[in-house]
Amino acid sequence: MAADEDKSVSTVPDRRANGADSGEATKNGTAPASRPLPWLCLAALGVVFGDISTSPLYALRECFSSALIHVPSHHDAVLGVLSLILWSLIVVISVKYLLWVLRADNRGEGGILALLSLLEIRGEARRRPWNRVLLFCGTFGAALLYGDGMITPAISVLSAVEGLEVATPAFEPWVVPITIAILVALFLFQQFGSGRVGMVFGPIVLLWLLTLGGLGLHGIAQAPQVLQAFNPVWALQFLFSGSPVGFVVLGAVFLVVTGGEALYADIGHFGKLPIRITWFVVVLPSLMLNYLGQGALMLARGGSVDHLFFELAPEWAVYPLVALATAATVIASQAIITGAFSLTRQAVRLDEFPRVQILQTSESERGQVYVPLVNWLLMIATIGLVLVFRRSEALAGAYGVAISLTMVLTTVLIAFVALRRWRWNPWLVAAITAPLLVVDVGFFGSTLLKFVDGGWLPIVVAALFYLMMTTWARGRRLLARQESRASRRPGRFFATLDQMQPHRVQGVGIFVTASTRDVPAVVIHHVEHNQVLYDTVVLLTVITRPIPHVPLDQRVRTRTLNQGFIRIRLSFGFMDPPDVPRSLRHCPHLGFDASDATYYVTRRTVLPTDRVPGMQVWRERLFVRLLRNATLPTTEFRLPPDRVLEIGRRIEI
C-alpha cells in the first residue's frame, strides 16, 4: 500500500512562493507597483517613523540630567552629546538598518522573526549548539519587543502632554489624567483598524517633522557654533575623557535610535525604497536640525532647560505645539501597537506563540490586523506604567534596555544570515559586524545602568513572554511526538481496513492532522469506535512555510492513496491568514466538493506527567494551561462550525 502512495502525483506543482497572493506580488522587497512612490513615502512617514520622530521630546533632556552636573565644561559637554546623537543616527540607523539590515528581507517582509526564518532552522537542526543560540536570539528578541511595546506609548504620550506645564504650572495635576484618557482612547480605537485614519497619519508626521526642522533652525540661529557637533572628534573626546559620564550618557543617547527596529519590521508595508528615500530626505535632516537647535538653546542660555523641546518655540506656539506633539506621539504609539499585533501573528503562524484570536481589519491590506488579547494586555500595562512612574523622565529609566538588547540580537542574526544565506566571505562579515556590535553592546551596557531604576521591567516582561513562547513550542513538539507514536503507516492501516470492512457513506470527511506521512490517530480512533467512513476521506495537513506569503494557486498539494483516501498538504506563509475552506475552494483539481465536507478535529486532553521525558512537569502544566486557552482549530483555520466534529483523546506528555 505504501508503494501506491509513492507513485501518486501532485495535482499542483510545488513552485516556490514569490511573495504574495491576490495580485500583490513583491520582488526583492520592493513595494507593490500599484501605489505611486510619493504616496508610499508619505504613508511610510506615518507608520515607520512615528517612534523615532518623537524622540526629540525627551532624548536630549535625559542626556543632560544630573549625570552632567560635574562636567568641567558645559560647552564641551553640549557639543560632545550632540555629536554622539548625530553620529548615532548616522551609524545605527543610516548605516546599520537602512543600508545593511534592510537587505535581509524575507520575500519582502521584515522583523526579527522573519530574520530568524531566513536561517531555516528546523527539525533536528534545532539541537545543534549554534542553532540553539540563534533560536534564543530570535525568540527572546521577539519577546523583548513586547516589553518595548508597553513602554513606548506611555513615555511618548506622557512627554507630549507634559508640554502643557510650559504654558502654565496649573496643568501639572492634569498631566497624568489627560495621558490616561488619550491612551484609553488609543487602545479602544484598535478594534476598528488603523486603516480608517491611515491616510492622515503621513501628513501629520510630515507636518511634525517640518516643525522639528523649523524649530531647530530657529534655535541654531541663536548659537551657530553648535554646528561643530558634526565633527566626530567631539563625540570621541566626550566618550573617552576618562570620566564615567560619557558611558552613562550613552544610555540616554540611545533614546534617539529606539525606532530602528520599526524600520526593519515595516518594510513589508511599503518596500525598501520609500523607507530609504523618506529617511534620508525628510526624517534625518529634521531630527538633526532639531537636536542641534535644542543644543544651541542650551549654549545660548548657559545651562539645561526643564522642557528643552517646548522652550524652542515662541510662547504663542506652545499650545499648538503640544497638540501637534500629542498627535505625533499617538501615531508613534499606534505604530508600536500595530507592530505587536503583526509580531503576534507571525509567532502564531510559526507555532512559537499560543493560538490567539487574530482579526483582519482590512479586506485589502494584510498588515492591518487586530489581536484583542494583546491589545488589552498592552493597555493595562501602559496605563499601569503611567500611574506608577507619573513623569516621562522617571519612565525613561525603564526605556531602552529591551530595545538595545534587541538591536544586539538583530546584529548577531543578520551576521549569520550573511554567512549562511548569502554565502558572504567570513572576513567581510566580521569587518561589518564587529564595529556595529561594539556600538550595540556599548548602548546596551549603558542602558543596563538604569536597570534598578526601571530597566528591569521590560526584561522581566520579555522573560515571561520568552518562557511562554518556548514552553508552547516545546510542548507542541512533545504533543506531535506522542501523536506520531499513536499513528500508523499507510500500508498497515489499509490492511487493517480491508479486514474491518467499515460501512462507507456518501460524502467527504476531512481529518485535520499534523502528520504528512502516517495515518493519524484520530482516523484510527474514529474507525475503531464508529465502524463508518465517508466515501472520500481527506488527510489534511496545514503547513506554515518560512516565507511571508504563498499564492493561492500554489498552496494545495494532493496525493491519492487507496480506498478513497486523499492526502492534502495545504501551505501558508507566516503572514497569510490560514483560511482552509477558501484555499480548498480555489483548487479546481481536488475531485470533490469541499464546500459540503465534514471536518474532523482532535479535542486533546493533555496530562502532565514525569513518566514521559522532554520537559519539566511545571512547564508541562503551563503548556496545558496555554493549550486550554488557545484558539481552537475551528477558529484558527476558519472551519465552518456547523460542519465540524470533535473527537476526544487523552495524551500524556
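## A salt bridge at Asp351

Asp351 counts as partly exposed because its relative accessibility is 28%, where buried means under 20% relative accessible area, exposed means over 50%, and partly exposed lies in between (1.4 Å probe, protein chains only). Asp351 forms a salt bridge with Arg476, with the closest N and O atoms 3.2 Å apart. This pair links distant parts of the chain, since Arg476 belongs to helix α21 (residues 451-486) and Asp351 to the loop between α16 (318-349) and β1 (359-360), 125 residues apart. Arg476, at 24% relative accessibility, likewise counts as partly exposed. A salt bridge here is a side-chain nitrogen of Lys or Arg within 4 Å of a carboxyl oxygen of Asp or Glu.

## The model and its confidence

This is a predicted model, in which local features need pLDDT of at least 70 and side-chain atom pairs count only at pLDDT 80 or more, whereas totals for chains, interfaces and linings use all residues. Residues are numbered from 1 along each chain as its sequence is written, and side-chain values use heavy atoms, with hydrogens and water left out.

The mean pLDDT of the chain (pLDDT being the predictor's confidence in each residue, from 0 to 100) is 81, and 89% of the residues reach 70 or more. Confidence is lowest in helix α1 (residues 2-7), at a mean of 35, and highest in helix α20 (residues 426-448), at 93. Over residues 1-33 pLDDT stays under 50, and for this stretch the model has 76 contacts beyond four places in sequence, a contact meaning heavy atoms within 4.5 Å.

## The chain as a whole

The chain holds 26 helices and eight strands; these are DSSP runs numbered from the N terminus, helices being H or I of at least four residues and strands E of at least two. Of the 653 residues in the chain, 57% are buried. Among contacts between residues at least 6 apart in sequence, 84% join residues at least 24 apart. The chain exposes about 26800 Å², of which carbon and sulfur atoms supply 60%; accessible areas come from the Shrake-Rupley method with a 1.4 Å probe, and for residues only the protein chains shown count as cover.

## Further salt bridges

A search of the whole structure finds nine salt bridges. One of them joins Arg488 to Glu528, with the closest N and O atoms 3.1 Å apart. Arg488 lies in the loop between α21 and α22 (490-500), and Glu528 lies in helix α23 (residues 521-530), 40 residues apart. Arg488 is buried, with a relative accessible area of 18%, whereas Glu528 counts as partly exposed at 40%.

Arg489 and Asp518 also meet through their side chains in a salt bridge (2.8 Å, N to O). Their pair connects the loop between α21 and α22, which holds Arg489, with the loop between β3 (503-512) and α23, which holds Asp518, 29 residues apart. Here Arg489 is partly exposed at 40% relative accessibility, while Asp518 is buried at 13%. Elsewhere, Arg61, Glu62, Glu162 and Arg391 are linked in a network of salt bridges.

## Helix α11 and what covers it

The buried residues of helix α11 (residues 232-239) are Trp234, Ala235 and Phe238. They cover an arc of only 100° around the axis, and therefore lie on the same side of α11, the arc being that of the directions from the helix axis to the C-beta atoms. Their cover includes α5 and α12 (245-253).
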